[in-house]
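Thank you all for coming. Please have a look at the sequence and the structure before I walk you through a few of their features.

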Amino acid sequence: MSDTKESPDVLEASTAADSEAEIAERYRTLYQDYVAQIGQASILVVGAAGAGKSSLCNLVLGREVAEVGGGRPVTTAVTPLQVGDLRLYDTPGYETGEDKQRRFNADIKTLLTRLEDEGEPIDVVWYCVNAPVARFTALDASLVEMFERLHKPVAIVLTQVDEASENGCKELGEAIHAALPPQGDGKERCFIFESSTDERLQLNPGLEQLNSWTVEMLDESRRLSFMAASRRGIERKLTEGESIVRQTVAGAFLVGFTPIPMSDAALLTSAQLSMLARLSYVWDLKSLKELAGGVLVNLIAQNVGKSLAGNLAKLIPGLGTLTGGLINGSVASAMTYALGAAYNRVCEQLCLRGLQGQTQSINELFGERFKAMVAQLFEEYQKDDKPGRHPQDRS
Ligand SMILES: Nc1nc2c(ncn2[C@@H]2O[C@H](COP(=O)(O)OP(=O)(O)O)[C@@H](O)[C@H]2O)c(=O)[nH]1
Ligand SMILES: [Mg+2]
């Protein structure tokens, strides 16, 4: 503070700090703009009381969102669980008895109509059938048929399969297909998945499949809200992230011819920062606070700013020596690719560690290793054909 002379060191430090704040601020704004236009997906979970609906919600999302063994038996008053931008209607389900199940079906119909009228329709239904109980009644079939008439994709989920025999599950599946026979086109009418809370039995492929199926059934505009809310589906998130990077790289080539900027903040285009914002959303970085020790949008923004400000130009070998004082399309593409791909992989690591119950400091993740990864990917991209490489960019 006392030293007011502008030594080169002071100048450089203040530029880096300005750059960091500027990157963080731009990132924050772009992230918020992006999130504001994300569509909410709505999932309805039905089946008998005690079948394991709430447990299924927790299993498929890979986090505790629903109360197991709880819930008031008032279907029409069901309030959705809000998991980020996902709405999960975890109904209490129907009690045993034909009258009760009939009333439940009517209540569900009322709920669907109301949500449709309110402009917040259900997108997908998870229909739980208790595997050890092994009962799929005519009333179950009629509820599934009602969903079909309303064009709601239904996943039938055999729950608690750890308590049932393999043969029992197979027979139950056949009984369900028989109760919902193929129509004109001869195709199976319903998808059947298996779920279990028993991790030891390695029965969780069914949960990954259900997760995947749900992503596929959701409209493009609402898909991401489910992907972000779920901590499963890592492979899908990785692919989605790669696709986000590819799209941005294609754009970067076209707008790549910019003068070599004086600061790192200017070096980062809004498209690149938007890419990082979209990746952060897909990987749901903002909710990882219990995993990574207090990660919020601001903290991410700070880290993005910190790891890039004062470093970006240095990260990229030869950037300072480019002839003509221009960043050409291929450098811009390589930079975008390296930044996005490194960010995507760091997010994956963060997510995997979280699923294993480990914590990881975000500062550490976005520190030296991140920088090294960006530099390496930049070099690789320029050398080889990388996924996402712009076709015009090949020599
Ligand atoms: N063994 C076993 N028990 C389960 C499983 N899923 C749920 N349960 C148990 O079944 C009971 C009811 O589960 P819950 O998810 O609350 O059912 P819901 O009423 O349909 O929401 C609870 O005691 C759960 O612990 C499972 O896959 N295997
Ligand atoms: Mg429940």
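This is a predicted model: local features need pLDDT of at least 70, side-chain atom pairs count only at pLDDT 80 or more; totals for chains, interfaces and linings use all residues.

**The core and the ligand shell**

The largest nonpolar core has 89 residues, and V45, Y127, V129, V157 and A338 have the most contacts inside it. Such a core is a set of buried Ala, Val, Leu, Ile, Met, Phe, Trp, Tyr and Cys residues joined through C-beta atoms within 7 Å; buried means that 20 or more other C-beta atoms, placed from the backbone, lie within 10 Å of a residue's own. Helix α14 (residues 329–355) supplies the largest share of this core, 14 residues, where helices are DSSP runs of H or I, at least four residues, numbered from the N terminus. Domain 1 (8–37 + 233–393) and domain 2 (41–225) both give residues to this core, so it lies between them; the domain bounds come from an automatic or database assignment.

Residues are numbered from 1 along each chain as its sequence is written, and chains are lettered from A and ligands numbered from 1 in the order in which they are written.

Which residues come nearest to ligand 1? Of the 17 around it, they are G52, K53, S54, S55 and T197, a residue being counted when its C-beta atom, placed from the backbone, lies within 6 Å. Helix α2 (residues 53–61) gives the most to this shell, with three residues. Seven of the nine residues of α2 are buried, so this helix is largely enclosed by the rest of the structure; among them are K53, S54 and L56.

Definitions and conventions: Helices (H or I, at least four residues) and strands (E, at least two) are DSSP runs, numbered from the N terminus. A residue is buried if 20 or more other C-beta atoms lie within 10 Å of its own, exposed if 12 or fewer, and partly exposed in between; C-beta atoms are placed from the backbone.
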